[in-house]
Amino acid sequence: MNRPLVRSVPLDLILTGYHWETMREHYFLKSGQFIKAQECLKLRVLYKERLWDECGINVTI
């Protein structure tokens with residue numbers, strides 16, 4: 001398992017982005033905007049992968 005020695009962005013920014021996309025996804029699901037909710041889910045998957053690759057943190061979607 002090779003992790004980069006230097007993170008591209010601080011951990012708190014990655015976590016904030018993940019949290020923000022989670023909140024947006026829930027909002028769009030509540031308002032029936034399923035295409036936008038799907039886009040948020042795709043971004044959450046990218047954040048999840050980045051959290052694992054750069055920080056070794058595993059989150060559940």
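Helix H2 covers residues 34-55, and its 22 residues reach 31 Å from the first C-alpha to the last, close to the 32 Å expected at 1.5 Å a residue. That expected span is 1.5 Å times one less than the number of residues in the helix. Helices here are DSSP runs of H or I with at least four residues, numbered from the N terminus. Please keep in mind that this is a predicted model, in which local features need pLDDT of at least 70, side-chain atom pairs count only at pLDDT 80 or more, and totals for chains, interfaces and linings use all residues. Residues are numbered from 1 along each chain as its sequence is written, and side-chain values use heavy atoms, with hydrogens and water left out.

Ala-37, Cys-40, Arg-44, Leu-51, Glu-54 and Cys-55 are buried in H2, where buried means under 20% relative accessible area, exposed means over 50%, and partly exposed lies in between (1.4 Å probe, protein chains only). Seen down the axis of H2, these buried residues fall within an arc of 115°, so they line one face of the helix. The arc is taken from the directions that run from the helix axis to the C-beta atoms. The partner of the buried residues is helix H1 (11-30), against which they pack. On the other side of H2, the exposed residues are Ile-35, Lys-42 and Leu-46. After H2 comes Gly-56, with a positive phi near 75°.

### The salt bridges

How many salt bridges does a search of the whole structure find? The search finds 3, a salt bridge being a side-chain nitrogen of Lys or Arg within 4 Å of a carboxyl oxygen of Asp or Glu.

| Salt bridge | N to O distance |
|---|---|
| Glu-21 with Arg-24 | 2.9 Å |
| Arg-44 with Glu-25 | 2.4 Å |
| Glu-54 with Arg-50 | 3.2 Å |

The bridge between Arg-44 and Glu-25 joins two helices. Arg-44 lies in helix H2 and Glu-25 in helix H1, so the pair ties together parts that are 19 residues apart in sequence. Both Arg-44 and Glu-25 are buried, and the relative accessible area of Glu-25 is 11%. Leaving aside neighbours within four places in sequence, Glu-25 is in contact with Ala-37, Cys-40, Leu-41 and Arg-44, contact meaning heavy atoms within 4.5 Å.

Glu-21 and Arg-24 both belong to helix H1 and sit 3 residues apart, about one turn of the helix. Glu-54 and Arg-50 are both in helix H2, 4 residues apart, again about one turn. An α-helix has 3.6 residues a turn, so residues three or four places apart point the same way.

What about the accessibility of these residues? Glu-21 counts as buried because its relative accessibility is 7%, while Arg-24 counts as partly exposed at 27%. In the other pair, Glu-54 is buried, with a relative accessible area of 14%, and Arg-50 is partly exposed at 33%.

### Met-23 and Cys-40

Met-23 is found in helix H1 and is partly exposed, with 45% relative accessibility. The C-alpha atoms of Met-23 and Cys-40 are separated by 9.1 Å, although the two residues are 17 apart along the chain.
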